[in-house]
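Take a look at the structure below before reading on. The report then walks through it part by part.

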Amino acid sequence: MLETGNPSRLGATTRHGGVNFAIYSSSAEAVELCLFDGRGQQTTCYPMPAQSNGVWHGFLPACEPGQRYGYRVHGPWKPELGLRHNPAKLLVDPYARRLQGAVQWGPALFDYVVGRNEEWVRCDVDSAPFVPLSVVDLPTACPIFRRPTVPWSRAVVYEVNVHGYTMRHPDIPEEDRGRFRGMSNGRILEYLKALGVTSVELMPVHAMLDEQFLSEKGRRKFWGYNSVNFFAPEGRLGGPDPVGEFRDMVNAIHDAGMDVILDVVYNHTAEGDGFGPTFSFRGLDNASYYRLAPDKRHYINDAGTGNVLDVNHPAVLRLVMDSLRYWVEEFHIDGFRFD
């Protein structure tokens, strides 16, 4: 059973004797923490035992890093009020440091019955087999190599797409192409240094989603501007250990004497407009995370991607700030480029 736990730090935090889980949902009536085994099968669900100022929290004794989990949120299904709680939809923890598995497109990904869009009939098909699982991670000390001290007046920023930039270089082993390990390659870094580059700006590396129309054509997302999470590195760029590979890449670039800047996309998410899939924010607290149109059923779409995160909301602003701090403190990122 879950103990009361602590609401102060969101996400899954490893502590002596177990893991503390905390997640924000001000409009929920109940939140379940669901655990999964290595085959992706749900093993048990625990009701979160406490709620403090919109944060649901609990401590699971004997839980260890590597545990796969997700959330099911119970509450009103009233799209006309911007409330879209549906416990049939397994939700990714917005603070998850790792994700495992890929999205499999189908009707179960949507919280409403597809084909009856404007009727807003709730879809009660379980989405767990079709969405990524959150994974408990254990922060590790990142060795700090010689870090650059280049003043902005002399900075030369070079924008790089990790996947595309490393796919055809003849000195990168085939198994490292398209991955963080490819960007760690000494020949790549020597070339960038020879160009006079002082700062490597990586195009988005947060966990992302391939849109349905791409998936149906057998294609993958390239640029990365479609985040589903702002803490976990994109799995396809990091192989079995994207967190470790990303850390090693940053160290290698720093050791070569260059800064690392991340292109970040905090203005929208991959859940799209009101008819998009439900992976995380929509099912957790739709009216808090997103800017809604006056009718509450639809979304303000200033970003041209279907939705806009409401960073004026304290919980959303905290999410963004916590994400930025995480990349600086855990990986020693030197700066950010905001989309």
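## A charged side chain and its partner

Is arginine 72 buried or exposed? With a relative accessibility of 8%, arginine 72 counts as buried. (Buried means under 20% relative accessible area, exposed means over 50%, and partly exposed is in between, using a 1.4 Å probe and protein chains only.) Before going further, a word on what you're looking at: this is a predicted model, where local features need pLDDT of at least 70, side-chain atom pairs count only at pLDDT 80 or more, and totals for chains, interfaces and linings use all residues. Residues are numbered from 1 along each chain as its sequence is written, and side-chain values use heavy atoms, with hydrogens and water left out.

Back to arginine 72, which makes a salt bridge with aspartate 126, with 3.0 Å between the closest N and O atoms. (A salt bridge here is a side-chain nitrogen of Lys or Arg within 4 Å of a carboxyl oxygen of Asp or Glu.) Arginine 72 sits in strand 7 (residues 68-74) and aspartate 126 in the loop between strand 10 and strand 11, so the pair ties together parts that are 54 residues apart in sequence. Helices (H or I, at least four residues) and strands (E, at least two) are DSSP runs, numbered from the N terminus. Aspartate 126 is partly exposed, at 35% relative accessible area.

Zoom in on one pairing: strand 3 (residues 30-36) and strand 4 run antiparallel, joined over 5 bridges. Leucine 35 has threonine 44 in strand 4 as its bridge partner.

Strand 12 pairs with strand 13 (residues 199-202) in the parallel sense, over 4 bridges. Valine 157 has serine 199 of strand 13 as its bridge partner.

How many salt bridges does the structure hold? There are 20 salt bridges. One of them joins the side chains of arginine 187 and glutamate 190, at 3.6 Å from N to O. These two are 3 residues apart in helix 3 (residues 186-194), which means they are separated by about one helical turn. Arginine 187 is partly exposed, with 44% relative accessibility.

Aspartate 210 and arginine 236 also meet in a salt bridge, at 3.1 Å from N to O. This pair links distant parts of the chain: aspartate 210 is in the loop between strand 13 and helix 4 (212-216), while arginine 236 is in the loop between helix 4 and helix 5, 26 residues apart. Aspartate 210 is buried at 12% relative accessibility, while arginine 236 is partly exposed at 25% relative accessible area. Elsewhere, Arg98, Asp137 and Asp241 are linked in a network of salt bridges.

## Two positive phi values

Most residues other than glycine have a negative phi. Tryptophan 120, though not a glycine, has a positive phi near 55°. You'll find tryptophan 120 in the loop between strand 10 (98-100) and strand 11 (133-135), and it counts as buried at 5% relative accessibility.

Histidine 332 isn't a glycine either, yet its phi is positive at about 65°. Histidine 332 is in the loop between helix 7 and strand 15, and it is buried too, with a relative accessible area of 13%.

How values were computed:
Pairing = 2+ DSSP bridges.
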